[in-house]
Every structure is written in structure tokens, then in C-alpha cells.
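These are my notebook entries on what I looked up in the structure shown below. I went residue by residue before turning to the ligand.

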Amino acid sequence: MSSPDTPPVFQRCVSPRCGATLPMEDTSFRCPTCGGLMDVAYDWNRLPTPKHLSEFEAKWSRRTTPVDFSGVWRFRELLPFAQTSQILTIGEGQTILQKADVLAQKLGMRPDSLHLQYEGMNPSGSFKDNGMTAAFTHARITGARRAACASTGNTSASLASYCSATGLMRGIVFIGSGKISYGKLAQALDHHALTMQIAGDFDDAMARVQQVARRLGVYLVNSINPFRLEGQKTIMLRVLEALAWEPPDWIIVPGGNLGNSSAFGKAYMELKDLGLVKRIPRLAVINAAGARTFDTLVNEKNIRWNQGNPDSAAIDTFFKDLDAHDGRANTIASAIEINRPVNLVKALRAIEVMNGIVRRADDQEIMDAKALIGAHGLGCEPASAASLAGLIQLREQRIIAPSDRVVCILTAHQMKDPTATVAYHSADQEQFQKVLGVRGVKRASHANRAVQVPNDLEAICGAIELYA
Ligand SMILES: *Cc1c(COP(=O)(O)O)cnc(C)c1O
Ligand SMILES: [Zn+2]
């Protein structure tokens, strides 16, 4: 691989047994030999890499330069597939690691032990922007004019936002019908993406967009695109940066298409290989109970990375059974309502690299966890709260100790899905039933009900004295 005539950046099949390569510029995002997933691969010996992660701090003094300001591209030496002049950034990655001591105390954890990595601060309100800036940059390098994705909402919002802010590409978004939250649909429409509402669910839309991308030569920005995952690696770098480069004990992340989980695993695999970290945190991936493919495969079918040879017959059987029973995903956490995670095999590798575990949380646990997050800080959408729901389980199971240093990834902004939040806090039983009851949510354990008062000063003051 280090022959001087092969470029230092290329794509390589995720399966070490296959190892087929493609040029950096290829946009098929499928192994030509075995059909598997591709990685962006680097010949690090021929690329300038930092000796210590703290070298990245120097970028802060140059933050009037957009590529140094970006929370993704200020780490560009660790995703070195683009020239600086090719990078497309809209200022993504200005996110914060929020210390959550009051919440920690509630969970019986020590002060300083729990942090929430708030990715809702991104320009389009979700972590997807970390990946989109990288995919978009690759798209520009390949000369793409149109970019498409299938989405439960946040990928489409992000794509639409990059298209409108840069004016460089036409965005086409495929969404399942009836599922998408208003906050996310609003973003796709407002940013003038061509919005295709397919009569089907996310898994249907995902299958179609891949066919369309092949037929029409449209650039695909779903997380099957390995360049997106390069951008998402930087979530781990910003977490490390915020912890003064000392890795935490645990990273907890919701699992949908398993792009984040995969990216986190790759980030740590590379950091370790480059000698930039001594220790790797453990990873906990949390499925929704109504979309629990990864949980089932890992915990019930015992599927493992197995040095790049996961039991593909068992995986195929699982998906055949799923089809036979018309196993549609069903959860209030729409961003992880996915039964066919495209990054499954990479996520198995992440579990291996990060000594990871998988859990599932039902919609009751997810909504209660979401309310706890909202009551103790920045708030998030339902899918993001799977991370805290997972932490609560892992504390109960004594897998996570009170002094363990834990980072829960809050994947998106509170305002993405206000319908679920308002229904949860509502005293209106009909609304609660319509939005949450149908998902099996029975109670709102942390509800904050609006107080109904007559339009009368005495009554208003009386109520305030009573409740506050
Ligand atoms: C996309 C998304 C997820 C799922 O992430 P994957 O990388 O697909 O596992 C979780 N939460 C939110 C808010 C998302 O938008
Ligand atoms: Zn292959």
C-alpha cells in the first residue's frame, strides 16, 4: 500500500479478507468484489499527522479562517482526503460538552462523571452536519451537481441546508410518508430541496434512493457514504478536546443506521494506531425497542465482528425472517426507526474496537429520559434520549459505576420534534394517546403540565405562590 505510485488516500473494503480498493474519487460506495461497505483508507506514513492531539489547539487562534473554525475541519489532518481549498464548510461542529452534575446526582453518579455532548448546536440542528460537510466536500471533488439522501428527517435537513448555503448542488431528499416530524420537514422545504415523499417507510426510501443514485448518477449522501463517517469521527475528537484529551470511560450513542457508532469505532481505531490515545472508551449503542435489529443480532444471535468475518448466513436469516413477518420498525424515536441499518458490519467492528455493548430502550424509557434531559439542561429530540435511557439501564445493571466518566451523545436539537414533547407534558389525554399512547407510552413520569388559570390577577398570583 505504501508504494509511491498509489495515492495516500483511497477506499478499501471493510472486510480484511476481501480488502478490495477503489480510488478516492469513486462514488459507488460498494465493494466491487464482495458488495460490502467501503472505508476511507489512509497511508498515514505519507501524510502529515500530529504527534499529540493538543497540537489541534493551535487552530483556535486562527478561527477567522473557516476551515480552522469548523469543528470538523480543524481536525482535518485526521480526515485528510481533501485539499484545504476544496473544503465546503458552513460552520458545523460548534458543539458543547455539557457537564450534567445535577442529572448525574439523580442517577447516583459522582460529580464530574456525566457529560452530554450536545450536537443540536449544529447549523441544521443535528450531528448530521458533521458528516454532511465531509460528504459534500467529496461530492464537490467528484464534480457532482445533484446530491440525494433517504432520511427520517435530519439527513435531509442537513443536505438541504448545505445545498442552499453553498448553492453548489441541487438537493433531493427521499422521505417515508407520514413519519417525518414537522420541524425536519420544514427544513427540507424551507431550504428548497426537491422533496420526494415515498409511499413507504425509511427502509423503503433507503432502498429506492440507492437505485435512483445509480441510475441517474446522483451523488448519495446517506451514511453508506464512507466520507460522511469521516466527518462524524470528529464528534469523538471534540469530546476528547473538551476533556483535555483524556478519554472518558464510556460513550453512549443512539443506534439507527449505525453511522455514528461506526464512525466512533473508526476514530478510535485510527487514534490508537497513530499513538494519539493510550486508552479507548467503551461504547454503548442504544436501539429503540421497536427497531432493535442491532440489539437482537449482537445479544441474541451472538453476531460479532469476528476479525472481519461476521456470520453472514445468520444475518441473512435474520433479515429474511424480518421480511417474512413484515417487520416494520416502530418507535416514537423516528430518527432511529430503522430495521435495516446499512452500517451494520462497521458497527460490529466498532463494538470490537471499543469493547462495546448494545442495549434497547422502549418508548416509555426514551420519553422519560428525554424529559429528564430537558429538565436538566439543553434538551433533545426523542431519538437522542435513547442514550440517557441506555445509561439508566446500565447503571441499574451495575455495568456503569457511579465514578465512571460517561459521555452521552445528544444527537439533535429539542425543537426538531416538538409534537412528542408537547404531547408528553400535555394534560390533554386525547393528545397524549394520539402521539404517545399508540406507541405504548403509558405515563409521563416527569411531566411539566401547564397550569390553567382564569384571566384574573388574584388567581394568577395565587397559583404562582402555590406552585413556584
Ligand atoms: C440520524 C440520527 C440518529 C441515528 O444515527 P445513526 O448514525 O444512523 O445510528 C440518532 N439520532 C438522531 C437525532 C439522528 O438524526
Ligand atoms: Zn469487498
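I started with Q393, which I count as buried because its relative accessibility is 11%, where buried means under 20% relative accessible area, exposed over 50% and partly exposed in between, computed with a 1.4 Å probe and protein chains only. Q393 has its place in helix α13; helices here are DSSP runs of H or I with at least four residues, strands are runs of E with at least two, and both are numbered from the N terminus. I then looked up the distance to L88, 305 residues apart from Q393 along the chain, and found 40 Å between the two C-alpha atoms.

Before going further I noted the conventions: the model is predicted, local features need pLDDT of at least 70, side-chain atom pairs count only at pLDDT 80 or more, and totals for chains, interfaces and linings use all residues. Residues are numbered from 1 along each chain as its sequence is written, chains are lettered from A and ligands numbered from 1 in the order in which they are written, and side-chain values use heavy atoms, with hydrogens and water left out.

Entry on three further buried residues. A139 belongs to helix α3, residues 128–141, and I list A139 as buried because its relative accessibility is 0%. The C-alpha atom of A139 is 6.6 Å from that of Y219, although the two residues are 80 apart along the chain. V67 lies in helix α1, residues 66–69, and is buried with a relative accessible area of 9%; its C-alpha atom is separated by 7.0 Å from that of T89, 22 residues apart in the chain. A148 is in strand β6, residues 146–151, and counts as buried at 3% relative accessibility. Between A148 and T195, which are 47 residues apart in sequence, I read a C-alpha to C-alpha distance of 9.8 Å.

Entry on helix α11 and what follows it. Helix α11 covers residues 344–353 and is mostly covered, with seven of its 10 residues buried. The buried ones are L344, K346, A347, L348, R349, A350 and I351. Just after α11 comes N355, with a positive phi of about 45°, in the loop between α11 and β12 (357–361). Is N355 buried, exposed or partly exposed? I count N355 as partly exposed, because its relative accessibility is 45%.

I made a note of the background: most residues other than glycine have a negative phi. R398 sits in the loop between α13 and β13 (406–410), and I record R398 as exposed because its relative accessibility is 75%.

Entry on ligand 1. Which residues are closest to ligand 1? I found 17 residues surrounding ligand 1 (a residue is near if one of its heavy atoms lies within 4 Å), and the closest are K128, N154, G256, N257 and T411. By class, this shell has seven nonpolar, eight polar and two charged residues; Ala, Val, Leu, Ile, Met, Phe, Trp, Tyr, Cys and Pro count as nonpolar, Asp, Glu, Lys and Arg as charged, and the others, Gly among them, as polar.

For the polar contacts of the ligand I used pairs of N or O atoms within 3.5 Å. A polar side-chain atom of K128 is 2.6 Å from an oxygen atom of ligand 1, a polar backbone atom of G256 is 2.7 Å from an oxygen atom of the ligand, and a backbone N or O atom of G259 is 3.0 Å from an oxygen atom of ligand 1. On its own, ligand 1 has 380 Å² of accessible area, of which the protein covers 97%, with areas taken from the Shrake-Rupley method and a 1.4 Å probe. The elements that give two or more residues to the shell around ligand 1 are α8 (259–273) and α13 (382–396).

Terms used
Polar contact = N/O pair within 3.5 Å; in protein donor to acceptor, adjacent residues only side chain to side chain.
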